Amino acid sequence: MEKIFKKIEEIAVDIDNAIKAGESGYSDSSNQTGDVQLKLDILSDKIIEEHFKSVDSVQAIISEEKEDKMPMNESGEYIVCYDPLDGSSIVDYNLSVGSIFGIYKGGLNGENIVASVYVVYGPRVEMVVTIKGSKPILYRYINGSFVKQKEITMQESGKINASGATQKYWYPHHKALIESLFQEGYRLRYSGGMVPDLHQVLLKGGGLFSYPGTVDKPKGKLRDLFEVIPFALAFIESGGDAIDDKGVSLLELKPSHLHDTSPCFFGSNKEIKQVKEAYGVE
Ligand code: FDP
């Protein structure tokens, strides 16, 4: 896996340069989920595809931007599922965005994720690497290389309430949960970029990020293989938790299609317990 991590470092630098080169606006195509693709989405996807071609251990890659798996090296042991540039709706407004990678061995489900990496393109470029069974590690890009900063450990609770999805479609029990957290003194922190929003909860050591199922989208919006499972690994290994709306660990997800989505809640243990109470799934 070391070679994959090294490749992701190179990818991160190239995508950061592409963002900074100033390309903006939409292309003429849409992805599998029906989102119109930005020129930067397509470029980032191409950068990743080119880089992984030279990594023997990668059997196949699956992009959030493509419908199907792309075979790489038959003898490779890992399948890398990735979202090349998460936060398409905010990148052209100069908010932070990210790339997410889930590294799977065996089959494409939560149990088979062996590592995840995400990169945040913000005022600084940072990367968090989580290997199953160990704490996530934060790296920062300084003077041409990624320098290890620290292991990430969640506290029992936090102060952030990052709540996604369209509020007019929230179910009443979800609305009550979010309201009760604000009543306790939690503060709203939500940029609309999953990577920086979850990164903030992790680095501040607690709080809640939720992207629920709603009346119009009962299965939520965030994609299991590219977004939900990779972040679940980081949260669970940091000592926090990550569950769906049935109270089941997101590492138990078994998507039946590559682009399946799930309602998801990531946070420190106190807030996840409150989600379970609010959803009646204790
Ligand atoms: P985007 O549509 O900009 O790509 O991955 C999807 C995502 O962004 C996440 O990064 C973000 O958390 C979420 O959608 C935002 O959705 P809402 O605007 O519905 O809250």
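Here are a few worked exercises on the structure above.

This is a predicted model, so a local feature needs pLDDT of at least 70 and side-chain atom pairs count only at pLDDT 80 or more, while totals for chains, interfaces and linings use all residues. Residues are numbered from 1 along each chain as its sequence is written, and side-chain values use heavy atoms, with hydrogens and water left out.

**Exercise 1: the helix H1**

Work out how the span of H1 compares with the expected one, and find which of its residues are buried.

Step 1. Helices (H or I, at least four residues) and strands (E, at least two) are DSSP runs, numbered from the N terminus. H1 covers residues 2-20, which is 19 residues.

Step 2. The expected span is 1.5 Å times one less than the number of residues. For H1 that gives 27 Å, and the helix reaches 27 Å from its first C-alpha to its last, close to expectation.

Step 3. Now for burial: buried means under 20% relative accessible area, exposed over 50%, and partly exposed in between (1.4 Å probe, protein chains only). The buried residues of H1 include Ile4, Phe5, Ile8 and Ile11, and also Lys7, Glu9 and Asp16.

Step 4. Just past the helix, Gly22 has a positive phi of about 100°.

**Exercise 2: aromatic pairs**

Describe how Tyr190 pairs with Phe209, then do likewise for Phe265 and Tyr279.

Step 1. Rings of Phe, Tyr and Trp (its six-membered ring) pair if their centres lie within 6.5 Å; planes under 30 degrees apart are stacked, over 60 edge-to-face, and the rest tilted. By this rule there are 9 aromatic pairs.

Step 2. Tyr190 and Phe209 sit 6.2 Å apart, centre to centre, with 35° between the planes, so the pair is tilted. Tyr190 is in the loop between strand E12 (187-188) and helix H5 (194-204), and Phe209 is in strand E13 (residues 208-211), so the pair ties together parts 19 residues apart in sequence. Tyr190 is partly exposed at 34% relative accessibility, whereas Phe209 is buried at 2%.

Step 3. Phe265 and Tyr279 make an edge-to-face pair, 5.1 Å centre to centre with 70° between the planes. Strand E15 (residues 264-267) holds Phe265 and helix H7 (residues 269-279) holds Tyr279, so this pair ties together parts 14 residues apart in sequence. Phe265 is buried at 0% relative accessible area, and Tyr279 is buried at 15%.

Step 4. Ring pairs also link Tyr190 and Phe209 into a cluster with Tyr118, Phe231, Phe235 and Phe266.
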